[in-house]
Amino acid sequence: MPTSDLKRLAIFAAVVLALPLLPFVPSFWITLFVFIGIASLVALGLVLLTGVGGMTSFGQAAFVGFGAYTTAVLTTSFGWSPWLTLPVSLATTGVAALAIGLVTVRLSGHYLPLGTIAWGMCFYYLFGNLQVIGAHDGISGIPPLHFIDQPLTGARAIYVVVWIAVLLSIAGTLNLLNSRVGRGIRALRSGATAAESSGVNVWRAKLLVFVYAALLAGLAGWLYAHFQRATTPGAFNLNIGIEYLLMAVIGGAGHVYGAILGAAIVVLAKNVLQDAMPMIFGFAGNYEIIVFGVLLILLLQVSRDGFWPAIAGRFSRLSGVAAPIDTTYRLAKGDMTLSPDLLLAVKGATKRFGGLVAVNDVSFKVPRGHIVGLIGPNGAGKSTTFNLVTGVLGVSEGEIHFAGERIDGLTPRQIAARRIARTFQHVKLAPGMSVLENVAIGAHKRGRAGMLAGILKLDRAEERRIFAEAAFQIERVGLQAEMHRKAGELALGQQRLAEIARALCLDPVLLLLDEPAAGLRHMEKQALAALIRRLRYEGMSVLLVEHDMDFVMQLTDEIVVLDFGTKIAEGAPAEIRRNEAVIEAYLGTAA
Amino acid sequence: MFLLQDGVTNGAIYALLAVALVLVFAVTRVILIPQGDLVAFGGLTLAALETGRTPGSVWLLLGLAAAATVMEVIASRNRLPPGRIALNALKMALPALVIAAAVLLLAPLQLGSIVNLVLCASLIIPMGPYLYRTAFQPLADASVLVLLIAAVGAHLAMTGLGLAFFGAEGYRTSPLIDAAFTLGPLTVTAQSLLVVGATLALLLSLALFFSRTLIGKALRASAVNRRGARLVGIPTARAGSLAFTMAAAIAVVSAVLVAPLATLYYDSGFIIGLKGFVAAIIGGLAAYPATVAAAIGVGILEAFSSFWASAFKEVIIFASIIPILLLRSLRSAHHEEEE
């Protein structure tokens, strides 16, 4: 967690924990704040899941139910002590989330939220119909938590427990987001393909974030059960799940403190509306949902980022200036000489999209330590060839070999593990993350700290090395002045350079650059050419797609020319310059 | 066999819902969760009209129209001269006002079932385009996910309003045709035959509409590619409005068919809608014939599971969607949606 985050959290903690000590705060308020705290935990999970990870869930209430029912059954039927049930509650929720996650996280786009609606309904009816857990009546008589010998029955007592849980969860979540695993999660929304090509296991990152969010919900459920001392299925139905999502959206999905703000707004509004609305309509009923529904729609129409960013803007002076990064101690470099002389061999690669043949029987080689250019008019199949080599697309026919091993059919992640790095024609950076963090994603495979190490901040030594490496590569591409800016704020040419730095962070033996010089000025192009030559000198091989002919001709050892998916020429730059087929392809007629 | 008949009847109604969902999704990318609410409101409106009460949907329609009018005025306030704005506002508000006036006048007179049907249809159908104008048109360019959250919001609001305007009691209407006859070992009610027949007729006419008429083709075009459709001159906002109108019309048909078969409450729509939804998803939110087959399947599954394990009926139905979703996403694993 950066120091600015730490300061903010300390201020927040002081305010929150001082509140119940103030004698003039009525108990009723304290009770409300307990509910806000419990809801905050669930909303915090959703912020991570929806706002950061880009996965929408309407079904979090079911996980709250898992946590609550587990402790309810264990304490009432088996006489367990409430504190002992906490790990079991979390484990049940975690296992349930893992099982559901294994099935639903794979669902892409809108199928995931639809899936969450389905299992939200499913578990509500299950809770309501299982006799073991009291069916529709639920379970009552749950014992309170004890602190040493003191039962925590009053709202003031449980308030402290709940808000300590919230504060710890915030700290853990902030740590997680700033860790190696967390960067993978943050890259999910805007650059899953790029993350995958950097070696991030996207599916696993999604599953982790899903289980993490469920665990927070399970913790909320455990607290809820011991605060209410009873559980009923109605507290975990789909409408409540939608309310949790509303909290995350109101607060600003994607902002950790937005979760608490959103939870506060929804819980307080619900309280006020439950008193006020029946007076308007003349009889009882949960009319607050009218307001919530309208609010949700209006919010989406007016300000899709929620309220938190507007408020956070006023506090921005809290965030300090980032400290300079010492690049002396970096990650260990891999061996550049292990591979045989023939590094990459593409043999008769063909790619069909339905009836269209995008790449037709293309063969070429990239020897070790060479720079090979891949050129051709628009639509010639250059980027498709890149996607075939890096596993983003599968070949329809043909083979691709790398360092003596067949690699067609491998996933982008497996190919990244073989130290093949790439950039993208259409830049794929996470716009909300800093350049440094984006580049650090490239080093994902070179670190090993897991989720737990990230949450508990046990990963600092490795993190320092990862950031040293990222900063070093950023300096190499000449972006050191922009290191701490958000990637989305850079000019397009600079974003391309950031992608090159990210690719270099993978410690590649083969580097694939897709139009790296587009959008660069003359001097920047010269600097880039010098960098690529230097990489070759260090033993790296480069495959390059580029439209700037001067750039290609001065830099490459060999050139492969594609036209309409077919290779029409291959040879040294000087030969290609004179080749009639090439001239015809570019100019239309033979000169 | 009796279960099968029950299942097919229910399935036919789910098929109508599912087709409406697919239609709306294809044209506007909105997953229309409130479709079920429209069905419930249709049934409750009909029940109120049968007993000569003024249906609460009058106020709902007026409320939606008022919101739509205000939004229309705000949206065009700096672009058009005041005269045009007033005209547009009038165009937006007038249908609702006329219909509301007619219903308020005619409802107490109890003019018979045909008039009731007409009144019910004219109350519910305009809700479709008004709903589109207020909730979804301003979000037309948002992602499917945002539209889905908005749809859930609309559903929440409509459930609450349903409670406010229709009350908490449930109603069932008298069947349109009250007859039953035996067919071998089966007793077939006329209403269930009507359900299946009407569903088939409606599906057939929809198929013809999409393949033969220019508007149908335009709707399909805006379904495939919004921007492309706009470039060739198809007004996509109007296409969205039309799709919602058709969905609301289908909701009225479903309501008329289902209201005599089951007691409807203000919040029944969600469950009915979700089952149509299960079918729509099995059909991939795209293919009409597959959707209809799936809906019949859901109806049959429901009939059998309510017989064998009635308490877990809903659990079984909603659990059945997950393996299907999984299959779908595995098959289309390479078309990842990125923001």
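**View 1. Chain A of this predicted model is divided into two domains.** Domain 1 covers residues 30-308 of chain A. Domain 2 of chain A comes in two pieces, 369-392 and 411-587. The C-alpha centres of the two domains of chain A lie 41 Å apart.

**View 2. Domain 1 of chain A touches domain 2 of chain A.** Domain 1 of chain A brings 23 residues to the contact. Domain 2 of chain A brings 30 residues.

**View 3. Helices line the side of domain 1 of chain A that touches domain 2 of chain A.** Look for helix 6 (155-177), helix 7 (180-186) and helix 8 (188-197) of chain A. Each supplies at least two residues of this side. Helix 8 of chain A has the largest share, seven residues. Sorted by class, this side of domain 1 of chain A has twelve polar, seven nonpolar and four charged residues.

**View 4. Chain A meets chain B.** The contact takes 39 residues from chain A. Chain B gives 40 residues.

View 5. Helix 5 of chain A gives the most, with eleven residues.

**View 6. The side of chain A that touches chain B can be sorted by residue class.** It holds 24 nonpolar residues. Twelve others are polar, and three are charged.

Definitions and conventions:
Residues numbered from 1 in each chain as written. Chains lettered and ligands numbered in written order. Predicted model: local features only at pLDDT ≥ 70, side-chain atom pairs only at ≥ 80, totals over all residues. Domains from an automatic or database assignment. Contact = placed C-beta atoms within 7 Å. Helix = DSSP H or I, 4+ residues; strand = E, 2+ residues; numbered from the N terminus. Nonpolar A, V, L, I, M, F, W, Y, C, P; charged D, E, K, R; others polar.
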